[in-house]
Amino acid sequence: MTYVLLIRLAGPLQSWGTASRFAARRDSHSRPTKSAVTGMCAAALGLPRTMALTHPAARTDNDNREQTRLTALGELARAFFGVRADHPGVPVRDYHTVGGGTYPLRPRDLITDHRRASAVSAALDAAASPDQFGHHTLAGWYGAPKKIATDPLSGVLISGELARSALITERWYLADATFLAGLQHEDEDFLNSVARALEHPQRLLWLGRKSCPPSGTLALKTIRGDLDTAFRTHRLLPGPDGTADPARRPWAWIQTPPSERGAVPVQDQPVSFDALQPEHTTRWEVRRRLTIAPDATDWEDIIP
């Protein structure tokens, strides 16, 4: 027996990237990824980024082999994931600049770059009060570098570019989109704990990027069944205007075993959310055009 936690993902803007590295162009996937939704649930639960999927248990007396059991992150990653595009949204392009202007020196600038410390040391020694720190600038030096390099002499990380113009980047978002995501798991109590955390998160949540906070209700309900059944037996979520076309047949992407006919690989199965070395692997999913059942369940008490 399996259960499905239904999650509403809606907001003015969403952006579901498939590449985490900084680049001049940052696309948005057409739908939420499993890695992003798992990470959002992990943040709501207050799990550390360095948490592994498993942790070793005590050795058994019978075979003396070390057993392992899943952590809370491992349980989230093990759940089957699906998403239904109730309102796919409209792609929008943002003209974005990074690094324009100059900034006063910060303590970290002096600690991480000995060249800055030497250049500003005289001004710091002449300061009448330590309270004046934060008002010192260096002509032609950029105060918050994005490009970091290793100093060939000391080996410390320093700014790779001391002066530069603002970087112009191209960032894509989905505007006015609403998705119904689902996590399928055997443990109903575990899914209910995730639902409570989504409504009372221990950390800030966002829809792919920090500039995209979710709106209204996140956790909807936990039901008995599988993802396909859950998506077919619940009506479309209301869109930004508060309405939904009951006759529309939405697309859904549902995680399946690799042996399922028509399954395709997707590289968004989370392994680690470590900020220094995030890791993902392959999972499998199928795409289906759904027909919502005539007696499908209506939504109630949703905060838009």
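View 1. Arginine 288 is partly exposed, with a relative accessible area of 24%, where buried means under 20% relative accessible area, exposed over 50%, and partly exposed in between (1.4 Å probe, protein chains only). Glutamate 260 is likewise partly exposed, at 32%. Arginine 288 forms a salt bridge with glutamate 260, the closest N and O atoms being 3.5 Å apart; a salt bridge is a side-chain nitrogen of Lys or Arg within 4 Å of a carboxyl oxygen of Asp or Glu. This pair links distant parts of the chain, 28 residues apart, with arginine 288 in strand β13 and glutamate 260 in the loop between β11 (251-255) and β12 (264-272). Helices (H or I, at least four residues) and strands (E, at least two) are DSSP runs, numbered from the N terminus. This is a predicted model, in which local features need pLDDT of at least 70 and side-chain atom pairs count only at pLDDT 80 or more, whereas totals for chains, interfaces and linings use all residues. Residues are numbered from 1 along each chain as its sequence is written, and side-chain values use heavy atoms, with hydrogens and water left out.

**View 2. Arginine 31 and glutamate 285.** Arginine 31 is placed in the loop between β2 (25-26) and α1 (34-45), and is buried, with a relative accessible area of 12%. The side chains of arginine 31 and glutamate 285 meet in a salt bridge (2.8 Å, N to O). Because glutamate 285 lies in strand β13 (residues 279-289) and arginine 31 in the loop between β2 and α1, the pair ties together parts that are 254 residues apart in sequence. Not counting residues up to four places away in sequence, arginine 31 touches Trp16, Val83, Phe179, Trp253 and Glu285, contact meaning heavy atoms within 4.5 Å.

**View 3. The salt bridge of arginine 84 and aspartate 86.** The side chains of arginine 84 and aspartate 86 meet in a salt bridge (2.6 Å, N to O). Arginine 84 counts as buried at 0% relative accessibility, and aspartate 86 also counts as buried at 0%. A search of the whole structure finds eleven salt bridges.

**View 4. Helix α1 and the residue that follows.** The twelve residues of α1 should span 16 Å at 1.5 Å a residue, and its end C-alpha atoms are 16 Å apart, which agrees; the expected span is 1.5 Å times one less than the number of residues. Helix α1 is mostly covered, ten of its twelve residues being buried, among them Lys34, Met40 and Leu45. Glycine 46, whose phi is positive, near 80°, follows α1.
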